[in-house]
Amino acid sequence: MSALSKKGRVSQEEAKSPTQIPEHVLQGLKVLEMAQAGVGPMQARALAMEGATVLRIESSKQLDMVRGLGPFNNLPSGHVERSIWYPIHHPCKYSLRLNLKHPKAMAVMTPLIKWADLIVESFRPGAIEGLGLSYEEVRKIKPDIIMLSTSNLGHTGVVSTFRGTGNNLVGMSGWTELTGWPDRPAVQPHSSYTDWLIPPLGLSAIMAALLNRRRTGKGTYLDLSQLEASLHYMLPLLLDYQANGRIATRAGNRNPYAAPQGVYQCQGDERWCAIAVETDEEWRKLCEVMGRHELADAPEFRSFPMRKRNEDKLDQLLQEWTKQYKAEVVMEKLQNAGIAASVVQNAQDVFEDPELRSKGYFIEIDDTLRGRISYDINPFTFSKTRKKVERAAYFGEHTQQVCMDIIKMSEQEYASLQEDGVFN
Amino acid sequence: MLLAGYTCLDLTDEKGWFCGKILSDLGARVIKIEQPGGDRGREKGPRWEDKPGIQGGLPWLSYNQGKEGITLDVRQPKGKSTFQRLVEKCDIVVESFDPGYMDEIGLGYEVLSKINPGIIMTSISLFGQSGPYRDYKGNDLTMMATSGHLFVTGDSDRPPVRENVEQAYCHGAGHAAAASLMALWYRENTGVGQFIDISIHMVLARLCLTTLIWWQAKRKLVMRKGNSRGDRGGGMPQRVTWSCKDGQISCSIYGGAVGAQGNHALVNWMQSEGMADEYLKSIKWENFSDSDATEDEWKSIYSQFEQFFLTHTKHELYQRAIRDKIMLMPVNNLAEIYQDAQLASRHYWTEVEHPEAGAKLLHPGDYVMGRPERVCRTGRRAPLIGEDNEEVYLNFLGLSRQEFKELEREGIV
């Protein structure tokens, strides 16, 4: 915890001495997180793993929903640290237990807001305002604060108080309609898919706002609607509708740029290889690898438009070939010939992936309460700064230390607030 | 603008376009460098069909909007030195050539950082600049396959299936933008620039996070479950996508505080139309545990919801969901998204003028909304080939007109 008090913004004088150059890219950045579920915590997590000091505020009156999501460790039912999902969202953060609805909560919040560079919150729109912690209120305490609110549909507009999760936003934002087979109803893109689209965009806005504050001294409020941000992943399809009136829909595994392209069954149960062939050269090489030289110049396949027209036949040809081999063998044979191919990796494959392992993507930490957990690092590698990986804090683990070290409360003040129930 | 005063040189192909677009949206000056004659990526379809003269397909127009466009052959000695002069005046270089290519042509980070020690160089590639798969090929489908996401998407009686959206590169480029700005913040604090290695594969591995959790905790493989989520534990996969009277909707049933209010409202509505049985009416959702409910209980709940949704339209269901705080949304197609009232009320859509086409298109607008000032800028269409050559070479870089003409004559610009 001593790290907390040591960390401050790097001054110009410090910067001049190379021996004092911070080892983490975001060292010195101070963040208050009042967020739940996925999108908000994931952004604060990315900051924390690059060395920002992130204080996560949570109340026992309204526990994060992820604490109730399995899989569970061996702790008894109802235990607050039972979810294995939860710590993965919260490594490297400090945990402060605080009831934001308590009349004396501001005795803790006011100094923390003064301390912070950035607030990340993801309550349902209206909730943070109801707590008296809207941007307009917060900036009265800290005029140059940066605050990011993220929600399904944004904090203004006709249905801004809508209560939803990424689960359903996937449907609203067009992703579901585009997923599956053309002859069947749409299926759910795995997971709360939009949750994975938003963090890099939110983080970019946060960093831009911090850079802006450096330059101008001004703070910023960022209202990040997950619907609005997610649509930027499908710009060409939206423009295709605008320009050509075409409404994209699901197309199995095909796309306009490749033929053959598909997911083909290989030896073993649920083993598949994805293959995509775009150019004539790749097509010739594929024929070579399959030992079917005669197909290379067959009139029905020799040009891209012809291959596109005969995709069903190509799928059959490939399927007959791939099912004789293991998926890994198919991938290797094709990659060696310069053709895009990949095992359709399951979770075990990804967990053991040689590429990810070679880069230390998973870091295992023993945790006396929760057992051993593998944390994934941020997926970008800086040449001069290190990542930080520490186990997720236990609920309220740093409450007293934050009050002492950051807020500089006396023991009596702390005890008195505790007695009043502020930390419940 | 948040990033006013910062300049990014963008050498990317389609793997990295989105990075520069994000930086440009947030106010940075982004100079897209193409080879003389234009990038091959401009050819990528779909195209604007009745406007054959437009320089570039819709992917190009989408992800290069807001940028300035110049041409420069960085492989020629004189092109190289001109690029180096640009690097002196810039903050970020982002590129997505095959790993090692920039080193090969003498423009690797070692060289660029000597010219400008504060430069941030961000390299985006399929599998990173090192590692066993460094030279592997890939496209959107195969990259989504490596991520673990494809495996868990689709009907269980057919192969895993993709979303029909070219998206893998956007994930990589989005993280490239975030990381570049983190490095820029560090540079502003320390004076030290650095190199950033983005492996699209590594970025995509996050997409299957919840299945990785099941594997590491229980050695359980989550499988694809069509309209449901298989990563939620308990007696049954969590149903998410449902058919309704005129299409599909998305609705999740959560027990406890998260879902109680909406579930009660939905069951009351069903009851008022005679479509909830005694069991469903008796559930105390506040105390209902998703994980502890049995398969039979879930089956009973789901079959009643399934029947009920079929009797109402998307619109009816969504309107009631808004009013009663039910966790339900429509499954929209892209035309319906353009009609969404919430987006309209937030003035989301931006009209972008394409003078060469003599037409305007409604583009998605600011991806984040700011207060007290707007934080994004949108609305400038993607550049024509070499459109900003004079502005960048003469005004920004300070070449003389004669030097510029020479570069043109030699085919470097």
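**Figure 1. Polar contacts between chain A and chain B in the predicted model.** Between chain A and chain B, 76 residue pairs are in polar contact, with both residues at pLDDT 80 or more. Helix 9 of chain A, residues 199–216, supplies 13 residues to the side of chain A that touches chain B, the largest share. Sorted by class, that side of chain A holds 84 nonpolar residues, 53 polar residues and 27 charged residues.

**Figure 2. Salt bridge between Asp223(A) and Arg346(B).** The side chains of Asp223(A) and Arg346(B) meet with an N to O distance of 2.8 Å. Across the interface of chain A and chain B, 10 salt bridges are found by the rule.

**Figure 3. Strand pairing between chain A and chain B.** Leu222(A) has Gly370(B), in strand 14 of chain B, as its bridge partner.

**Figure 4. Area buried between chain A and chain B.** The size of an interface is often given as the accessible area lost when the parts come together. Chain A and chain B bury about 14400 Å² between them, and 63% of this area is on carbon and sulfur atoms. In chain A, the residues that lose the most area to chain B are Arg163(A), Met172(A) and His190(A); together they account for 6% of what that side buries. The contact involves 164 residues from chain A and 158 residues from chain B.

Terms used: Residues are numbered from 1 along each chain as its sequence is written. Chains are lettered from A and ligands numbered from 1 in the order in which they are written. This is a predicted model: local features need pLDDT of at least 70, side-chain atom pairs count only at pLDDT 80 or more; totals for chains, interfaces and linings use all residues. Side-chain values use heavy atoms; hydrogens and water are left out. Contact means heavy atoms within 4.5 Å. Buried area is the accessible area (1.4 Å probe) that two parts lose on being put together, summed over both. A salt bridge is a side-chain nitrogen of Lys or Arg within 4 Å of a carboxyl oxygen of Asp or Glu. A polar contact is a pair of N or O atoms within 3.5 Å; within protein, one must be able to donate a hydrogen and the other to accept it, and residues adjacent in sequence count only if both atoms are side-chain atoms. Helices (H or I, at least four residues) and strands (E, at least two) are DSSP runs, numbered from the N terminus. Ala, Val, Leu, Ile, Met, Phe, Trp, Tyr, Cys and Pro count as nonpolar, Asp, Glu, Lys and Arg as charged, and the others, Gly among them, as polar. Two strands pair if DSSP finds at least two bridges between them.
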